[in-house]
Amino acid sequence: MTFCLLIVAKAPVPGFAKTRLCPPATPEQAAEIAAASLLDTLEAALLTPDARVVVAMTGELRRAARGTEIAATLRKTEVIAQRGEGFDLRLVNAHADAPRPGEPVLQIGMDTPQVTPALLAEAADRPGDAVLGPAEDGGWWALGLKDPSHAKALAGVPMSRDDTGRQTLRALAGIGLRPGALPTLSDVDTFADARRVAAAAPHGRFARAVAEVR
């Protein structure tokens with residue numbers, strides 16, 4: 001059975017993407033790192049068995065680092081626009097817009113480029129109604145829902161905080177879900193995170209982009 005592998009992403013535009021990597025990275029280098037992260041994530045997603053890859057996108061690719069390469073890769077996926085005020089509502093709407101009727105969703109972001117097709121396939125195949133992948137900073141890197149309408153529980157959950165994971169679990173519990181736990185991964189907020197993720201996936205575009213920062 002196929003599933004919707006939903007990637008929530010934004011165009012890696014210098015000065016807007018991964019600005020917390022600066023310094024030591026320049027805005028252009030930070031955008032290159034973000035672009036490499038997105039491309040590595042897309043590559044893993046497109047190699048994942050039984051996945052129909054949908055990208056919920058925002059931002060101007062024409063201004064982005066590696067914009068032409070990203071646009072070419074996105075043509076192998078289905079692209080939808082993000083909509084809504086606030087990241088919580090953008091996630092709710094993406095879960096509503098991306099799947100086909102009856103199709104479960106596994107949603108990830110673009111800043112865990114160390115994901116592999118095997119990890120994504122295993123996450124999608126977990127039993128139960130939901131799974132959540134914790135991030136080391138207290139957030140989460142993946143959310144799987146057998147019924148995508150349950151994503152409505154995310155409305156009002158504060159995002160990008162050290163208690164986002166706990167708040168998400170509480171919101172899902174409030175509608176009767178007890179998510180299974182996926183492996184904990186580090187996402188990329190700081191340059192220390194970037195170095196750690198690059199060490200975990202040393203052969204990808206991301207690691208090469210991080211190595212360019214001196």
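Student: What's the relative accessible area of Thr184?
Tutor: Thr184 comes out at 45%, which makes it partly exposed (buried is under 20%, exposed over 50%, partly exposed in between, using a 1.4 Å probe on protein chains only). Bear in mind that this is a predicted model, where local features need pLDDT of at least 70 and side-chain atom pairs pLDDT 80 or more, while totals for chains, interfaces and linings use all residues. Numbering runs from 1 along each chain as its sequence is written, and side-chain values use heavy atoms, without hydrogens or water.

Student: Where is Thr184 found?
Tutor: In the loop between strand S7 (180-181) and helix H6 (191-200). Those are DSSP runs numbered from the N terminus (H or I, at least four residues, for helices; E, at least two, for strands).

Student: And what does Thr184 touch?
Tutor: Leaving out residues up to four places away in sequence, Thr184 touches Pro134, Ala135 and Glu136 (heavy atoms within 4.5 Å). Trp141 is 43 residues from Thr184 in sequence, yet their C-alpha atoms are 8.3 Å apart.

Student: OK, switching to H5. Which residues there are buried?
Tutor: Helix H5 covers residues 164-173, and its buried residues are Thr164, Gly165, Thr168, Ala171 and Leu172. Looking down the H5 axis, they fall within an arc of 125 degrees, so they line one face of the helix (the arc uses directions from the axis to the C-beta atoms).

Student: Pockets next. What volume does the largest pocket have?
Tutor: About 970 Å³. A pocket here is an open set of points on a 1 Å grid over the protein atoms alone, where a 1.4 Å probe fits and protein lies on both sides within 12 Å along at least five of seven lines; lining residues have an atom within 4 Å of a point. Volume is the space filled by probe spheres on the points, joined across faces, edges and corners.

Student: Which residues lie nearest its centre?
Tutor: Lys18, Phe87, Asp111, Ser160 and Asp189, out of 34 lining residues. Strand S1 (3-10), helix H3 (87-97), strand S4 (105-108) and S6 each give two or more residues to that lining.

Student: What about the second largest pocket's volume?
Tutor: That pocket is about 260 Å³. It's lined by 20 residues, with Phe3, Pro104, Ala124, Asp125 and Lys146 closest to its centre.

Student: Which element supplies the largest share of its lining?
Tutor: H4, with three residues. S4, helix H4 (117-124), S5 and S6 each supply at least two.
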